[in-house]
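Subject: Handover of a structure

Dear colleague,

Please find below the structure that I am handing over to you. My notes on what was found in it follow.

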Amino acid sequence: MAVLTMAWRLYTLGSAGIIHARMETRDFIWLTIIIGVLVGSIWLINNPDYPFNQGLDLQGGLQVLLEADVPPEVDVSAEQMSTARQIISQRVNALGVAEPLVQEGGDRRILIELPGLENPDQAISLVQQTALLEFVDSGSTFLPEGLCIRTSENRGEPSPCEAELAVNGETPVVPTFETVLTGAMLQEASAQTSQNLIDNYVAFTLTEEGGAIFQEYTSTHIGQYLTIVLDKRVISSPVIQATIERQGTITGSFTRDEALNLALQLRFGALPVPLRIDGVRQVGATLGEQSITASIQAGVIGLVVVLLFMLVYYRLPGGLADIALVIYALINFAIFKLLGVTMTLPAITGFLLSTGMAVDANILVFERMKEELRGGETLSEAIKAGFSRAWSSIRDSNVATIVVCIILLIFGRGFGASTVQGFAWTLMIGVLVSMFTAVVVTRTLVKMVLSPAAEWLSERGWLLGL
């Protein structure tokens, strides 16, 4: 407040004619731009439609590790794992989880992080359904939902769900049915609601090859059951009511959620390689709350110390730099919300580190200004020289940091290194914003406050940190 009072006093003195200096029109233009950016940033920060995205380590959630369920001697191609990762990613994105992470790990593993899940059991269930989607011929037999069966795809072998049904080591008798086609021939599926807004059903579209097979089969099996099986477990058993070519519907006593879930299972059911859950870890929200509290405390303490240092050591210019630093923080938070940056502990660390770099840019400018003043230059010339001659150092150091951030973003795509990406993003954004605040915001404030008071300040060198 004292800094603002002093700045306002100097400005009013200049405007009253006590201190004479010509203000450039572009300074007022930049000031208008700065005020506009500041107002927009404050609006974004307070807008609930743009929430902060918190990572798994801050808000808690679920971490699942999947592994290819094939013998070690069987080769699993990189293309198969990449396709499996994409399908799993589509599944978890359909859950509505904010900023889920799906990464390949080595040749046979996929890591899934689902922050802030309200229903973890639903995610685990969905991820577990990672085997083959099949349409099987059950003839005149209705198969209830959840029934474990065998199909022609694994005839003579135990189905994956039989182990769950075993009692005292005895394997139950499981019926076997013929597979008509697999989910690999399914192109699209979506939940629909009838015109009466009561009945829910699932509409699906097959590939051209699948449509030819389906047309031939359904034309000769009207009135019979065509059962949909996922991971050898029945999820629906509708009746064939007409010949189906490429497009058809699945009707039943579905609620809206059941229809959505069935469509989700149909669309993302088939994987090129079977996967099993190798590990599940629940991250509690308590850890996240403690981390956020500790991070905020550390950030506030660090920011206050930096602001005090700038004010004490550089006096009036330091106070103006403090204002620019506050503007810097507000712009950063607004960009984080606008771009949907996921905030994790490493991401917060990147932001705090960029704050130090923003201060460093101001220090380079002010030290150069002091050197010019000690060399006998006027305040106006010292301001001009301070910013122009310090710019090359600020530019080169920040460009080097941005290059490092880009490298971290590229290599942060690897398994187990995703947190590095959050650090790189916040650091790079912070560096770019710091260049704007140090070169534009600080310079505009310094020129508009100090230049009109150059003669008055020349007799009060202590206000300039001399």
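How many bridges join β5 to strand β10, and which way do the two run? There are 6 bridges between β5 and β10 (residues 225-230), and the two strands run antiparallel. Before the details, please note that this is a predicted model, in which local features need pLDDT of at least 70 and side-chain atom pairs count only at pLDDT 80 or more, while totals for chains, interfaces and linings use all residues. Residues are numbered from 1 along each chain as its sequence is written, and side-chain values use heavy atoms, with hydrogens and water left out.

The protein as a whole

The protein has 13 helices and 14 strands; helices (H or I, at least four residues) and strands (E, at least two) are DSSP runs, numbered from the N terminus. Of its 466 residues, 46% count as buried, where buried means under 20% relative accessible area, exposed over 50%, and partly exposed in between (1.4 Å probe, protein chains only). The accessible surface comes to about 23,500 Å², and 57% of that belongs to carbon and sulfur atoms; accessible areas come from the Shrake-Rupley method with a 1.4 Å probe, and for residues only the protein chains shown count as cover. Among contacts (heavy atoms within 4.5 Å) between residues at least 6 apart in sequence, 75% join residues at least 24 apart.

The sheet around β5

β5 belongs to an open sheet of 5 strands with mixed pairing, in the order β6-β7-β5-β10-β11. β6 (150-151) and β11 (233-236) stand at the edges with a single partner strand each, so one side of each has no neighbour in the sheet. Two strands pair if DSSP finds at least two bridges between them. Strand β5 (residues 133-139) is mostly covered, with 6 of its 7 residues buried. On the β10 side, aspartate 137 stands opposite leucine 226, and valine 136 has threonine 227 as its bridge partner. Towards β7, 4 bridges join the two strands, which run antiparallel; here phenylalanine 135 stands opposite leucine 181.

Threonine 179 is placed in β7 (residues 176-182). This threonine 179 is buried, with a relative accessible area of 12%. Its side chain makes a polar contact with the side chain of glutamate 134, at 2.7 Å. Such a contact is a pair of N or O atoms within 3.5 Å; within protein, one must be able to donate a hydrogen and the other to accept it, and residues adjacent in sequence count only if both atoms are side-chain atoms. Leaving aside neighbours within four places in sequence, the residues in contact with threonine 179 include Glu134, Phe135 and Thr151.

Helix α7

In α7, the buried residues are Gly210, Gly211, Phe214, Tyr217 and Thr218. They cover an arc of only 135 degrees around the axis, which puts them on the same side of α7; the arc is that of the directions from the helix axis to the C-beta atoms. The buried residues pack against β5, β7, β9 (200-206) and β10. Glu208, Glu209 and Glu216, on the other side of α7, are exposed.

Asparagine 398

Asparagine 398 lies in helix α11 (residues 379-411) and is buried, with a relative accessible area of 3%. Between asparagine 398 and valine 431 there are 33 residues in sequence and 6.4 Å in space, C-alpha to C-alpha.

Yours sincerely
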